[in-house]
Amino acid sequence: MGSMWCGEDRVSAVAGTATAVQELDEDQRAALDACVVAALALSSSEGEARGRMRLLMECYGRYVRSFGVLASAPSYEVFTGRLRGTRVADLLPGRPQGSVLDELWLLDGDGMPSSALHRLAVEAAEHGHQAPGIGADIRHLHSLLRAVGMLPASTGLSRISGETVQHAVFRALRAAGFEAYTRGREAMVRTPVLTRRELSRNTVLVELGAYTKISPTRQFGGLWATCPMCKWTMRATFRPSGAVDLECEDERHSLLGARYRAELAAESWRLSPRGELRTVPELLPVEGCVALPYALWLWVTLPGLLEVELRDRLVASGAQVRLWPFGDAYDLHVTRPGRSRTWRVDVKTWADPYGLAQKLREDPEGPGELCFVVPEHLRGYLPLLRRAVRGSGARVLTDTDLVAEVEGA
């Protein structure tokens, strides 16, 4: 499907789904649940056809009930047809106005899943655990949260926020001590996929139980491939021709070129690039590998990439850096040997700069003398973000600016 808005806007819309879902009324959320699970059932080859049809009919029944007695719901054929290429807001009763859901779709015109679909399944779907492919990931996440005491046993499989997931995982890691916390958290950032043997050597991660089997939605023919940027498993989409498209679940990584096509030749799969990245990842066997589920990759790995990369760049420039110091009070504590200056850095990777600006304004503790660092590609939003912290004593820089500042100190 073509798009009339740029990649940066598309990334921001996907990032803003949690807020948009919270603003929906009960009937609209029920309709969204039904549409998300139905879209995953339509686009997945997991399970037998009869089971998927039963799930689709159940979704349609929930969708019809969400319209109540005063509005007319579409027929089953119209319902399933509109899941392709229709903006999410147009699928919901009462059509929410001014929402990022007006900028997202679940399946494109060819029935292929969008980058927003899995995120909506985790953030929105009351019945997401039923969704083919990602349902096992959602169940694993809830098991993990219950194991670390963040969810009572009676809690249903319902909406979970990124903040809840981060708090639960980081609290469990901190219980092992600061060094183990740092090693475990960095491992989840650098190596979101591990062999079972590698995992067995990390006691903290074994006890946390964060890693699980690679999802069926990210494998084909017993193989998987890693995104060159985040090292996680790329989504596998089967084409009618027999080829398989591989693409990173992160919209920014996909836009930057983490897109490939796998084709079977002489009884072996070969990858070719579909984007600007010419480096072709290796195809690896699913057997013997474990991966973080979608939600932990989304809320632990992705935010941590810039933090760890920035630490490495600063250390290479001669600085001394502590990751996540003082119980994760902020992200980086930076000093230069022989110099008195200190940088207390909080890295912000939000794709939605306007949402970030609002978050900075609403911080109940105040930013104090923190240095907020955003990715270089958000440089154009520095004036907006700096206005948000004006008078607080905080500063806002890009990662490139911070490295240059530390090097020149």
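Tutor: Start with burial in H14. Of its 23 residues, 17 are buried, so the rest of the structure largely encloses this helix. Keep in mind that the model is predicted.

Now the length. H14 covers residues 294–316. At 1.5 Å a residue, its 23 residues should span 33 Å. The C-alpha atoms at its ends lie 32 Å apart, which agrees with that expectation. After the helix comes Gly318, with a positive phi near 105°.

Next, a packing partner. Helix H9, residues 162–174, packs against H14. Their axes are 9 Å apart, at an angle of about 70°. An angle from 65 to 115 degrees counts as roughly perpendicular, and H9 and H14 are therefore roughly perpendicular to each other. The crossing of H9 past H14 is right-handed.

Which residues meet there? On the H9 side they are Gly162, Val165, Gln166, Val169 and Phe170. On the H14 side they are Leu296, Trp299, Val300 and Pro303. An α-helix has 3.6 residues a turn, so residues three or four places apart point the same way.

For the other pair, take H3, residues 26–43, and H4, residues 49–66. Their axes come within 8 Å and cross at roughly 160°. That makes H3 roughly antiparallel to H4, since angles over 145 degrees count as such. The H3 and H4 crossing is left-handed.

The contacts of this pair include Asp27, Ala30, Ala31 and Asp33 from H3. From H4, Arg52, Leu55, Leu56 and Cys59 are among the residues that take part.

Finally, the setting. The protein has 18 helices and 13 strands. Of its 409 residues, 53% count as buried. Among contacts with a separation of 6 or more, 58% join residues 24 or more positions apart.

How values were computed. Residues are numbered from 1 along each chain as its sequence is written. This is a predicted model: local features need pLDDT of at least 70, side-chain atom pairs count only at pLDDT 80 or more; totals for chains, interfaces and linings use all residues. Side-chain values use heavy atoms; hydrogens and water are left out. Helices (H or I, at least four residues) and strands (E, at least two) are DSSP runs, numbered from the N terminus. The expected span of a helix is 1.5 Å times one less than its number of residues. Buried means under 20% relative accessible area, exposed over 50%, partly exposed in between (1.4 Å probe, protein chains only). Axes are lines fitted to C-alpha atoms, for helices over the stretch in contact, and angles run from 0 to 180 degrees between N-to-C directions. Angles under 35 degrees count as roughly parallel, over 145 as roughly antiparallel, 65 to 115 as roughly perpendicular and the rest as oblique. A crossing is left-handed if the near helix is turned anticlockwise from the far one by less than a right angle, and right-handed if clockwise. Contact means heavy atoms within 4.5 Å.
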